[in-house]
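Thanks for coming, everyone. Please bring up the chain on your screens, and we will walk through it together.

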Amino acid sequence: MTTDYRDVSLWFDTLGEDVTARPALTGDLDVDVAIVGAGYTGLWTAYYLARADPSLRIVVLEREVAGFGASGRNGGWCSALFPASIAKVARDSTRERAIAQQRAMNATVDEVGRVVAAEGIDCDFDKGGTVVLARTPVQLARAREAVAGEHAWGFDDSDARLLDAAEARAMVGATDVLGGTYTPHCAVLHPAKLARGLAATVAGLGVRVHERTPVLSIEDGVAVTPHGRVRADVVVRATEGYTPELAGFRRDLAPVYSLMIATEPLPKAFWDEVGLARRESFSDMRHLIIYGQRTADDRLAFGGRGAPYHFGSRVRPEFDRDEKVFAELRRVITELFPAVADARITHTWGGPLGVARDWYASCGLDRARKLAWAGGYVGDGVGTTNLAGRTLADLIRDEYTDLTRLPWVRHRSPRWEPEPLRWIGANVGLRVMAGADVEERRTGRDSRLAHAFGRFLGH
């Protein structure tokens, strides 16, 4: 079944191929492992399981097509970012385990690069690192604190270093640059090519991938679909921002929307001025998150938060687009790079990401419920999903490893509040971050609003 998925995102539109859905499930099925969701979490889990034990009977069930959700819509940062701060992880475990978690995240970037090279997945993977610009004195102070904080945990300049104004501008030629930070632990890639390539790879390893097969509910060891019941020793919930649509999981994660725009391919003269010569991913030190990359075909792909949380954790196609947010993204990217002012915006899109109540991603396995899970990446999932897939593969096979000892394993986030408290809290948080940036521009001082909200989250 071929369906036009090109309007899902820039990434689906530039796959260079039609998206043909694999056959749906046609009846009841018994397997060893059933994976719900053909995004990165589900596909990485299937990949490492199939590589470790080819005898396992594995099925992946996907409501649309592989990569349809956040895995085919994100900013293409394969980063070492973990949503909970290292200090928060240490409070939840120990200093040593928190450092191990971050070092595992750092190594994950290279692991993704290794697999895409080994499996021949052409997803425009380039490891240029990340530059986070400081464009005001307050942001520069924040940059100094960020690097000093990394070093206090035993990391050094090879992990995170402070950039002076000249160094930062040489990497990212934006306006008003006073300095910034740089980490090598990030690559950019084409998200949909990675997702579709992973799906093809796992299918080639003998994993059954059934697309156009929505899972209506997960019971103990059973994934229920309109086409049949799949019984398994372990069911993996890999649904991220779509998790609240599953009965019994409605308050586990909150779907928060992130939106993106992309320009037409830009000429050499633009890139001579702007830089990004190694396709560094870029952001700045504002509170309301922005993120961008130079694509392999020389576009600027740029996104940010700011879209509202929708009452009842609703996820709807019409929420993927918000003209006010798109206009603000256009304003910000032009403020950063005035030379882009006349460039045509060719693509606008968005989608939900999953947020745990304590901003702490987790993965784990409950043998009694025959349920495994991973998620709550808060938009930092391109790399974290790979770590999740490797960890779940070890847990499911009863392997006790360095990965299964990491502190995010079996971490239990509190459930989100019932409505309307969830709606009020999520949208107040978004407004606090936006208001903090306005406050800093107005006063030239670090925002009290942002610090108060950070304390509320336990960061």
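Start with helix 2, residues 40–52, and helix 7, residues 191–204: their axes come within 10 Å and cross at roughly 35°. Keep in mind that this is a predicted model.

Which residues make the contact? From helix 2, we have Tyr 40, Leu 43, Trp 44, Ala 46 and Tyr 47. Helix 7 brings Pro 191, Leu 194, Ala 195, Leu 198, Ala 199, Thr 201 and Val 202. Sort them by class, and you get 11 nonpolar residues, 1 polar and no charged ones.

**The cores**

Two of those names come back now. The largest nonpolar core has 63 residues, and Trp 44, Leu 194, Val 236 and Trp 408 touch the most other members. There is also a second, separate core, with 52 residues. Among them are Trp 77, Tyr 242, Leu 266 and Phe 319. As background, nonpolar side chains in soluble globular proteins tend to be buried together.

Now zoom in on Trp 408. What does Trp 408 contact, leaving aside neighbours within four places in sequence? The list includes Phe 82, Gln 101, Tyr 360, Cys 363 and Tyr 377. Also on it are Thr 384, Leu 387, Ala 388 and Thr 391.

Next, the backbone. Most residues other than glycine have a negative phi, and most peptide bonds are trans. Here are some exceptions.

Arg 279 has a positive phi, near 55°. Look for Arg 279 in the loop between helix 8 (268–274) and strand 13 (281–284). Is Arg 279 buried or exposed? Its relative accessible area is 8%, so Arg 279 is buried.

Ser 313 also has a positive phi, near 55°. Ser 313 sits in the loop between strand 15 (300–304) and helix 9 (323–336). With 2% relative accessibility, Ser 313 counts as buried too.

Then there is a cis peptide bond, from Glu 419 to Pro 420, with omega near 5°. Pro 420 lies in the loop between helix 10 (381–396) and helix 11 (421–443).

**The whole chain**

Finally, zoom out. Domain 1 covers 1–125 + 186–255 + 356–416, and domain 2 covers 419–458. How far apart are the C-alpha centres of domain 1 and domain 2? They lie 30 Å apart.

Methods
Residues numbered from 1 in each chain as written. Predicted model: local features only at pLDDT ≥ 70, side-chain atom pairs only at ≥ 80, totals over all residues. Heavy atoms only, no water. Domains from an automatic or database assignment. Helix = DSSP H or I, 4+ residues; strand = E, 2+ residues; numbered from the N terminus. Buried < 20%, exposed > 50% of the residue type's maximum accessible area, 1.4 Å probe, protein only. Axes fitted to C-alpha atoms, helices over the stretch in contact; angles between N-to-C directions. Contact = heavy atoms within 4.5 Å. Nonpolar A, V, L, I, M, F, W, Y, C, P; charged D, E, K, R; others polar. Core = buried A, V, L, I, M, F, W, Y, C linked by side-chain atoms within 4.5 Å.
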